[in-house]
Amino acid sequence: MNNKGQSLAIFIIFIPIFIMVGVIVIDVYNAKLEARKLDDINKMVIKYGLDHIEEDPYNDMVNLIYKNDDEIDSYKIDIDLDQIKVVMNKTTKGFFGRIIGKEIYTVESNYRGYIENDKKIIEKGV
């Protein structure tokens with residue numbers, strides 16, 4: 001028996017599935033990369049705010065956010081006497097999103113920073 005035709009048919013059926021799985025893995029990786037980038041920006045902004053908390057650093061913090069990523073959709077900065085809370089949101093396109101023109105992933109970064117015993121502490125979540 002010659003099974004060459006059957007193998008070719010199975011290969012043709014499964015190759016698009018393998019390609020789609022690969023593209024989904026790349027999309028999820030890119031979304032996680034954007035989340036990490038947003039977290040790094042958030043930590044940097046909070047560190048700056050804690051360094052200058054007595055000087056009302058709100059406007060400088062906003063400028064620092066947009067200097068590092070000008071595609072951020074929204075942000076919320078709460079500055080109290082002893083702590084700073086920053087929440088940032090960003091929507092990003094994956095590979096499929098670029099093809100169909102829609103944003104697919106929404107990434108959020110939520111951190112809180114405060115000074116305790118002359119030490120700056122930055123924590124995820126509020």
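The legends below describe close-up views of a predicted model. Residues are numbered from 1 along each chain as its sequence is written, and side-chain values use heavy atoms, with hydrogens and water left out. In this predicted model, local features need pLDDT of at least 70 and side-chain atom pairs count only at pLDDT 80 or more, whereas totals for chains, interfaces and linings use all residues.

**View 1. The four-stranded sheet.** Four strands form an open sheet in the order β1-β2-β3-β4, with antiparallel pairing. The edge strands, each pairing on one side only, are β1 (74-79) and β4. Averaged over the sheet, neighbouring strands are turned by 15° against each other, direction ignored. Axes are lines fitted to C-alpha atoms, for helices over the stretch in contact, and angles run from 0 to 180 degrees between N-to-C directions. Strands (E, at least two residues) and helices (H or I, at least four) are DSSP runs numbered from the N terminus; two strands pair if DSSP finds at least two bridges between them. Strands of a sheet pair through backbone hydrogen bonds, either parallel or antiparallel.

View 2. A hairpin is formed by β1 and β2, with three residues between them. Six bridges join these antiparallel strands, and Tyr 75 has Met 88 in β2 as its bridge partner. Strand β2 is mostly covered, seven of its 10 residues being buried. Buried means under 20% relative accessible area, exposed over 50%, and partly exposed in between (1.4 Å probe, protein chains only). Helix α2 (residues 58-68) lies across β1 and β2 and runs at about 150° to β1.

**View 3. Pairing of β2 with β3.** Strand β2 (residues 83-92) pairs with strand β3 (residues 105-116) in the antiparallel sense over 10 bridges. Thr 92 stands opposite Tyr 105, and Thr 91 stands opposite Thr 106.

View 4. Strand β4 (residues 119-124) is antiparallel to β3 and is joined to β3 by six bridges. Tyr 111 stands opposite Lys 124, while Tyr 114 stands opposite Ile 121. Two residues lie between the strands of this hairpin, in which Asn 117 takes a positive phi near 55°. Asp 118 lies in the loop between β3 and β4 and has a phi near 60°, a positive value in a residue other than glycine. Asp 118 is exposed, at 79% relative accessibility.

**View 5. Surroundings of Ile 121.** Ile 121 lies in strand β4 and counts as partly exposed, at 21% relative accessibility. Leaving aside residues up to four places away in sequence, Ile 121 touches Leu 50, Arg 112, Gly 113, Tyr 114 and Glu 116. Contact means heavy atoms within 4.5 Å. The C-alpha atoms of Ile 121 and Ile 79 are separated by 15 Å, and these residues are 42 apart along the chain.

View 6. Lys 47 forms one with Asp 51, the closest N and O atoms being 3.7 Å apart. Both of these residues, Lys 47 and Asp 51, lie in helix α1, four residues apart, about one turn of the helix. Asp 51 also meets Lys 120 in a salt bridge (2.4 Å, N to O). Because Asp 51 lies in helix α1 and Lys 120 in strand β4, this pair ties together parts that are 69 residues apart in sequence. Asp 51 is partly exposed at 38% relative accessibility, and Lys 120 is partly exposed at 41%. A further salt bridge joins Glu 123 to Arg 112, with the closest N and O atoms 2.7 Å apart. This pair links distant parts of the chain, with Glu 123 in strand β4 and Arg 112 in strand β3, 11 residues apart.

**View 7. The nonpolar surface patch.** A nonpolar surface patch with about 1,200 Å² of accessible area together has Leu 8, Phe 11, Ile 13, Phe 18 and Val 25 among its residues. Ile 13 is found in helix α1 (residues 4-51) and is exposed, with a relative accessible area of 55%. Patches are made of residues with over 30% relative accessible area and no salt bridge: like charges are joined within 9 Å, nonpolar side chains (Val, Leu, Ile, Met, Phe, Trp, Tyr) within 5 Å. Accessible areas come from the Shrake-Rupley method with a 1.4 Å probe; for residues, only the protein chains shown count as cover.

Note on methods: Salt bridge = Lys/Arg side-chain N within 4 Å of Asp/Glu carboxyl O.
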